[in-house]
Amino acid sequence: MKNIALIFGRDMRNIVTNWAALVIILGLVMLPSLYAWFNIKASWDPYGNTGDIAIAVANNDKGTTLKGKAINLGNEVIDSLKDNHKLGWRFVSEEDAMRGVRHGDYYASIVIPESFSATIATVLSDNPSKAEILYYVNEKVNAVSPKITSSGASGIIQEVSKNFVKTANGTIFKIFNDLGIELQEQLPTIEKVRSLVFKLEKNFPEINNAVNVAMDDIHKTDQLVGQAQKNLPLVTDIAKNGQEFAGGLDTFLSSASDAAKDIGPNVKQDLLLLQQTALAAQQLTSVLKDPNVDPSVVTDTLDHVSSRLELGLKVQTQLINWFDQLNKVSGNRIGFVSSKLKQVQDKMKQQQTLVSSISSAVKKGEKPASDLVDRLNQVSGDTSQILGDILSRYDSEIQPAILSGLSKAQQTAEKTRTVLNNALKSVPDVKKILNDASKGLTVGTQGISEIKKELPAVEAKVSELAQRMREFESEGSLQEVIDLLKNNFQLESQFFAEPVVLKENQLYPIPNYGSAMSPFFSTLALWVGATLLVSLVTTEVLGDHSYKSYEVYFGRFLTFLTLALLQSVCVTTGDMFILGTYVVDKPWFVVFGLVNSAVFMLIVYTLVSVFGNVGKALAIVMLVLQLAGSGGTFPIQTTPAFFRAIHPFLPFTYGISMMRESVGGIIWSIVRNDLLIMCIYAGITLIIGLALKGIINQLAAGLVKKAKESKLIH
């Protein structure tokens with residue numbers, strides 16, 4: 001111990017008393033700080049100036065009409081971009097846009113074709129087509145800009161989709177709304193006719209009984225016939241009202257059938273949008289695994305997918321209720337749709353939970369667990385498969401079932417109208433029967449018998465009409481149809497256009513990118529500082545005094561450790577108080593920096609002390625490997641398999657992790673694990689240094705001497 005302290009004390013005196021050595025040592029102490037500060041400052045807010053990234057936009061859309069309403073979605077895109085300052089939109093002609101991209105004046109260009117609105121409007125036709133927006137990018141200008149411009153192009157597509165869904169749904173739901181209101185207005189008349197028909201049917205036994213009594217009592221029969229003649233206008237009014245009801249009902253059902261044909265593609269489009277929501281969550285896994293994806297793109301994509309999933313869950317409830325109502329009207333032929341949509345609802349809840357967990361990890365600066373990403377991919381695929389099954393059966397089973405139910409009701413109404421027409425035609429006959437009966441009373445039972453003979457025909461007509469009404473009611477509730485059609489078309493249109501609203505929660509918010517990168521650049525600077533020290537300061541003790549190998553090892557290491565700790569203090573305090581980086585736990589940021597610096601210095605010092613110049617090369621190799629394998633810049637899951645394999649064995653992995661905890665907010669279980677691993681590194685390094693230094697130094701003495709004779713290697 002005495003010789004170790006002697007070596008360390010002599011080193012400190014030599015530094016203080018030799019001004020040239022002091023200047024060099026101070027430079028070595030400060031250089032790592034400059035390395036960290038310049039890199040952190042350069043990365044402070046790289047995505048805050050994206051408004052200067054020029055993207056050309058050319059609009060050639062000629063517009064179209066949708067249900068008689070003129071629309072031009074291309075102009076809507078341009079108007080929305082003029083209020084969007086996230087990127088530098090330049091509104092030019094197609095020719096200028098293409099020339100500018102080729103020559104590097106623009107990073108990318110977006111061209112809206114002439115048929116853009118017309119193609120989207122085909123959603124209401126028998127053969128809907130997907131519209132295209134042409135996107136051109138010059139990838140040789142910059143490696144990152146294509147990711148940023150691609151995010152902007154995706155945002156345009158989302159805005160167009162939202163606006164069109166709102167317009168199309170509004171038109172279609174308005175048709176249904178008008179039909180529902182008209183039917184609701186006629187409902188009292190419909191109910192009155194229904195009640196009168198059933199009442200007349202119920203009273204016919206009394207009429208027959210009256211005729212039988214009249215056979216025995218001419219006077220009573222005369223009174224009954226007079227009463228029948230008095231009530232005949234009421235019967236005529238009932239038949240006329242029933243005829244008007246049947247005609248109106250037939251017209252309504254024809255309109256409803258046409259409306260159902262119109263809304264079919266729109267409901268199918270809503271199902272496609274739900275499938276796209278599931279696919280967007282599945283495609284998110286590709287973004288998470290992309291090693292070159294920009295962090296902001298990951299965050300935006302996560303936020304967007306989370307928003308679409310939350311809205312998608314609301315869409316499930318609306319669609320399930322809607323199909324439940326239609327199932328009653330169609331005779332329970334499409335009950336499987338609601339069942340499958342409930343399965344989709346459960347799957348989307350799982351997706352929402354997984355996306356929330358992944359988003360939380362990303363916003364903490366962590367890489368989400370691969371099993372979460374794989375699970376999200378699997379659940380998203382299952383969701384898409386279920387929706388695909390519904391869509392594959394939509395045209396062949398679902399829409400025909402809806403149309404069949406309405407067609408059946410229409411046929412019933414048509415038959416009812418025929419019966420009522422026949423009933424009206426029979427009124428003169430009934431009137432004649434009653435008149436004849438009245439005359440017959442004057443001549444006795446002969447007239448009464450004639451009346452009794454004709455009454456069954458009238459009763460049959462009324463009973464037939466009542467039975468037709470019962471059959472119609474058994475096929476579906478008229479009020480259910482009215483309730484379904486009367487929904488507020490404006491609210492439904494707005495809901496389907498944007499069914500999900502994102503509610504963001506940041507667990508460990510860091511205000512800028514530079515602060516988020518400070519753990520990586522600070523850790524890197526400490527390793528660079530250790531490498532600089534062993535490059536300029538010798539690990540051997542020069543002089544005539546003979547020391548044991550372990551005394552030289554520990555004595556000189558104390559000197560290197562002192563300088564490394566000074567480097568760490570300069571780096572960490574300068575990050576916080578000169579650059580102003582965001583750090584939640586400032587004292588621990590300094591402490592963790594000291595731990596990292598001590599372990600890194602021990603590793604690098606041992607490599608050079610034991611292996612000489614070869615150790616310096618090994619320190620550089622370890623630096624290069626840790627730059628890519630530590631997950632300091634991109635998530636480690638986005639790197640090639642080799643770097644993922646070595647990731648758990650690199651000191652940077654745990655050094656950066658400790659620093660990140662102090663920046664965002666400490667979770668002590670993570671810190672304890674990191675400190676344990678760093679202690680293991682230190683222990684292994686000490687064993688190597690003490691066991692091999694003396695042996696390898698003796699074996700390499702001849703080689704070192706020969707190399708120095710070349711006057712090229714020191």
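Biologist: What makes Lys62 and Glu114 a salt bridge?

Modeller: A salt bridge needs a side-chain nitrogen of Lys or Arg within 4 Å of a carboxyl oxygen of Asp or Glu. In this predicted model, the closest N and O atoms of Lys62 and Glu114 are 3.7 Å apart. That is within 4 Å, so the pair counts.

Biologist: What kind of model is this, and how are residues numbered?

Modeller: It is predicted, so local features need pLDDT of at least 70 and side-chain atom pairs pLDDT 80 or more, while totals for chains, interfaces and linings use all residues. Numbering starts from 1 along each chain as its sequence is written, and side-chain values use heavy atoms, without hydrogens and water.

Biologist: Where do Lys62 and Glu114 lie?

Modeller: Lys62 is in the loop between β1 (54-59) and β2 (64-66). Glu114 is in the loop between β5 (108-112) and α5 (116-121). The pair therefore ties together parts that are 52 residues apart in sequence. Helices (H or I, at least four residues) and strands (E, at least two) are DSSP runs, numbered from the N terminus.

Biologist: Why is Lys62 called exposed?

Modeller: Relative accessible area decides: buried is under 20%, exposed is over 50%, and partly exposed lies in between (1.4 Å probe, protein chains only). Lys62 has 63%, so Lys62 counts as exposed. Glu114 has 48%, so Glu114 is partly exposed.

Biologist: How many salt bridges does the structure hold?

Modeller: Three. In another one, Arg99 meets Asp96, with the closest N and O atoms 3.5 Å apart. These two residues are three apart in helix α4 (residues 94-102), which means about one helical turn separates them.

Biologist: How do you know that Asp382 and Lys347 belong on the list?

Modeller: Their N to O distance is 3.6 Å, so the pair passes the test. Asp382 lies in helix α10 (residues 370-441) and Lys347 in helix α9 (residues 335-363), so parts 35 residues apart in sequence are tied together. Asp382 has 23% relative accessibility, so Asp382 is partly exposed.

Biologist: What makes β1 and β5 paired strands?

Modeller: Two strands pair if DSSP finds at least two bridges between them. β1 and β5 have five bridges, so they pair, and in the parallel sense.

Biologist: What makes a set of residues a nonpolar core?

Modeller: Its members are buried Ala, Val, Leu, Ile, Met, Phe, Trp, Tyr and Cys residues, joined through side-chain atoms within 4.5 Å. The largest such core has 56 residues. Met601 is among those that touch the most other members. The largest share, twelve residues, comes from α16.

Biologist: With which residues is Met601 in contact, leaving aside neighbours within four places in sequence?

Modeller: Contact means heavy atoms within 4.5 Å. For Met601, the list includes Ala530, Leu533, Phe557 and Phe560.
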